Amino acid sequence: MTVAFLGTGIMGAPMAANIAKAGLEVRVWNRTRAKAEPLSDVATVAGSAAAAAEGADILVTMLADGPAVAEAFEAASPASGTLWLQMSTVGLDWTDRLAAMAEQAGVVFVDAPVLGTRQPAEQAQLQVLASGPEEARPKATPVFDAVGLKTQWLGPAGRGSRLKLVMNAWVLALTNATAESLGLARALGLDPQLFLETIKGGGLDVGYAHVKGGAMLAGEYPPAFPAGLAAKDARLVVAAAGDDVDVAGAKAVLAHLEAAVEAGHGDEDMAALYRAVVRERQGNTARRGDTVGNQPRR
């Protein structure tokens, strides 16, 4: 079985590598070819999306957003009957548009975004949120098993993207809440590390807070999930909520992410939103409530 994999960025490259390691024939394509070349030991690097998709049984897309996916799909022009596993996070409107494109092309469409960032992708421990026709499941399973620890089949196409937005709302809120708690501790004259130490091992503990919080306190943000893409996902959450639910938390995350991106940190991990939460003025690191002895300084 041949898999054409379009998009070999932070997530796509390890996913494609794991599919190849599972014994499937893989052809990879990326708009910037240099990002695909490291996969040449395990996959065929194609010069175009069409070359990757020619004669392939399965097409996988793992790209930044809906427009990028649509452009790559059109360029690939897969044959009728090809199984398309659309694994990018594109939101509700674009999922519907892509499904319509698939139907017009006679392609079987499975909406299957993933939960996880770079390290789970490298370790083949992603969670796949699959939705699409039941008859596609046997053919899709070897690909999903190669990249993920768990696959949930959720019914008709589109439900995967809906659940992905729900999960993203939680992940984004958790990252932002960690940043705000660390920032508040700092502003009140406490060592921010105390926050992480206090939640550790208790009912409030969340491993994700330690991962992102550790990056925030170290001031180092290697991109597991870039802030620019996280901002895109936050916009998708806000758009999906519409007037039906007040996602004020998601809007707050988006504001912090957009500030970080505008300041030039879009390629850093989304934990860099801490830069927008903690405001320093001209290098002044004085904090409200710095302590003198055991008493807050007024």
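Predicted model: local features only at pLDDT ≥ 70, side-chain atom pairs only at ≥ 80, totals over all residues.
Modeller: Contact here means heavy atoms within 4.5 Å.

Colleague: Leaving aside neighbours within four places in sequence, with which residues is Ile 19 in contact?

Modeller: Beyond those neighbours, Ile 19 is in contact with Val 3, Phe 5, Leu 24, Val 26, Val 143, Ala 146 and Val 147.

Colleague: Is α1 mostly covered or mostly exposed?

Modeller: The general idea is that an α-helix has 3.6 residues a turn, so residues three or four places apart point the same way. As for α1, the helix is mostly covered, with 9 of its 10 residues buried. The buried set runs from Gly 12, Ala 13, Pro 14, Met 15 and Ala 16 to Ala 17, Asn 18, Ile 19 and Ala 20. These residues pack against β1, β2, β7, α5, β8 and α6. Gly 23 follows α1 and has a positive phi, near 105 degrees.

Colleague: Which residues other than glycine have a positive phi?

Modeller: Two cases may be taken here. Ser 77 has a phi near 45 degrees and is placed in the loop between α3 (66-76) and β5 (83-86). Ser 77 is exposed, because its relative accessible area of 54% lies over the 50% cut-off. Ala 124 has a phi of about 55 degrees and lies in the loop between α5 (118-122) and β8. At 22% relative accessibility, Ala 124 is partly exposed.

Colleague: Where is Thr 95 placed, and is Thr 95 buried or exposed?

Modeller: Thr 95 is in helix α4 (residues 91-105). Thr 95 counts as buried because its relative accessibility is 4%, and buried means under 20%. Apart from neighbours within four places in sequence, its contacts are Val 90, Phe 109, Asp 111, Gly 158 and Ser 161.

Colleague: What are the strand partners of β8, and in which sense do they run?

Modeller: Strand β8 (residues 126-130) has 4 of its 5 residues buried. With strand β7 (residues 114-115), β8 pairs in the antiparallel sense over 2 bridges, and Leu 115 stands opposite Gln 127. With strand β9 (residues 148-153), β8 runs parallel, joined by 5 bridges; there Val 128 stands opposite Thr 151. From β8 the chain crosses through helix α6 (residues 137-147) to β9, a β-α-β crossover that is right-handed.

Colleague: How is confidence in the model to be read, and where does pLDDT stay under 50?

Modeller: The protein averages a pLDDT of 94, and 94% of the residues score at least 70. Over residues 281-298, however, pLDDT stays under 50. For that stretch the model has 18 contacts beyond four places in sequence.

Terms used
Residues numbered from 1 in each chain as written. Heavy atoms only, no water. Buried < 20%, exposed > 50% of the residue type's maximum accessible area, 1.4 Å probe, protein only. Pairing = 2+ DSSP bridges. Right-handed = clockwise from strand over helix to strand, strands pointing away. pLDDT = per-residue confidence, 0-100.
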